Amino acid sequence: MTEASSARSARRPHWRRDLVELAAMFTAVAVADAVANTVAHGPSGPVLLCSSAVALLATTVFHVWWSRRHENAPPPTDTGATAPSPAGPAPHAAGQETTLWRMRTTVRDEPGSLAALCTALAGQRVDILSLQTHPLSDGTVDEFLLRAPGSLRSEELTRTVAGAGGAHSWLERADAHDLVDAPTRMLGLATRTALDSAELPLALRQLLGRCTIHSVPARSLRGRPLAEQVPTEGVLEEHRMKFRDPSGGSLTIERPQLPFTPTEFARVRALVDLDARLGQRVPPRRDVLTLPEGNEITIRRADTSDLAAAREMHDRCSPQTLALRYHGPVGDADRYLGHLLSPRFGRTLAVETASGRLVALGHLLWDGEETEVALLVEDAWQQRGIGAELLSRLAGMADETGCESVYAITQASNTGMVAAMRGLGLPLDYQIEEGTLVITARPAGLPARRESRETVRIQDATGRR
């Protein structure tokens, strides 16, 4: 019998059911008439009526109490249905050591592909904390934030993903900063970019992970064209992205270890467009300090609006001071200022006297994955602690922005710069070749990299060595 015929049979009237309902109605009428006669004509009618009301009230109160008690009680446990399988993964025990991982893998764009991958990770007791998808033409790139048992090695995790259908997998350690969801992270990076022009390369590096960013000006110091012509919408290649810089140059981002996705390209383009629309901007913070001798100085951020004052300071500096700073012909010193003061290429601190005269500059310059620090103090204001103060603040900026190391290029005879670097109290590396000294400091006290720089060959975006 089908469900439709069963439903019709259930709704079909039957004489036995009608007879039972009619008998129940007559019985209810008879009982109601007897009760009414007893209450109205019996000697104990009022007592019976009050007793019935009390009994009804007590029954109602008991029913309400019983209903609320069972409403707030936890649902019964069906041990046969919800008991975990002995072969299933056990949750992380309290206090068990775990590791955060960022993983990216490509899966087929088919139903069930992601489910198979998640099931395989669950089999290794790996928790998926967040998931982002990057659609491609021939598949989907899934980016996970994972919490895995500390005993699970990266090789085992990679094999698990490959066995579940993941291809071109990439894995690296993560930290607590990666726990922020993608929209919140993008809003934070956009805020940083909006407040300071110098934040764009740092925001891009935080967004994309380990990558190299090259900001090339339109022309060199001698007027030779440097930057290539990049389309307005940008260029996306497998391991490289190119954008047009608002100043007329170009911005190139490279990541050899991991291809870029169209989603990442769109996010980067949004930050670059925001930076271009807002124009050059520097936070207006100013700190007033008193030197040991009693003179007051002001330390603030500098930009290209300080170009004239910086050239005047160059005129007051001796050729020896300029040569120690720029490592080249003194006549080229003024040409470097436009590049050095631009927030597109780093951060610059300026020191002013109480009368407003510029007497020192400190530069923190983005150089690919590394960061260069440089100082210039006017001769009449040297040996007063200004250089040490600038260097300390620049190293603090590098630490805040996540730079693993900062390096300074000087001459081996520049004992003032060496003393200032040693005064930071940070781990230092010294490399010297033909009188050129490179001092590398690690603001966070990180261990030295395994690879060593055999030769000192530094070249910035302007073509200067």
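Modeller: Helix H5 (residues 113-123) and helix H6 (residues 154-163) pack at an angle of about 145°, their axes lying 9 Å apart (axes are lines fitted to C-alpha atoms, for helices over the stretch in contact, and angles run from 0 to 180 degrees between N-to-C directions; helices, H or I of at least four residues, and strands, E of at least two, are DSSP runs numbered from the N terminus). Their crossing is right-handed, the near helix being turned clockwise from the far one by less than a right angle. Leu117, Ala120 and Leu121 of H5 meet Leu157, Thr160 and Val161 of H6 in this contact (heavy atoms within 4.5 Å), and these residues divide into 5 nonpolar, 1 polar and no charged. This is a predicted model, in which local features need pLDDT of at least 70, side-chain atom pairs count only at pLDDT 80 or more, and totals for chains, interfaces and linings use all residues. Residues are numbered from 1 along each chain as its sequence is written, and side-chain values use heavy atoms, with hydrogens and water left out.

Turning to the sheet, 8 strands form an open, mixed arrangement in the order S9-S10-S11-S12-S13-S14-S16-S15, where pairing requires at least two DSSP bridges between two strands. Strand S9 (286-290) and strand S15 (428-433) are the edge strands, each pairing on one side only, and the twist averages 20° from one strand to the next. S15 pairs with strand S16 (residues 436-441) in the antiparallel sense over 6 bridges, with Asp429 standing opposite Thr440 in S16. Helix H13 packs on the sheet, touching S9, S10, S11, S12, S13 and S14, and its direction makes about 30° with that of S12.

Technical notes:
Nonpolar A, V, L, I, M, F, W, Y, C, P; charged D, E, K, R; others polar.
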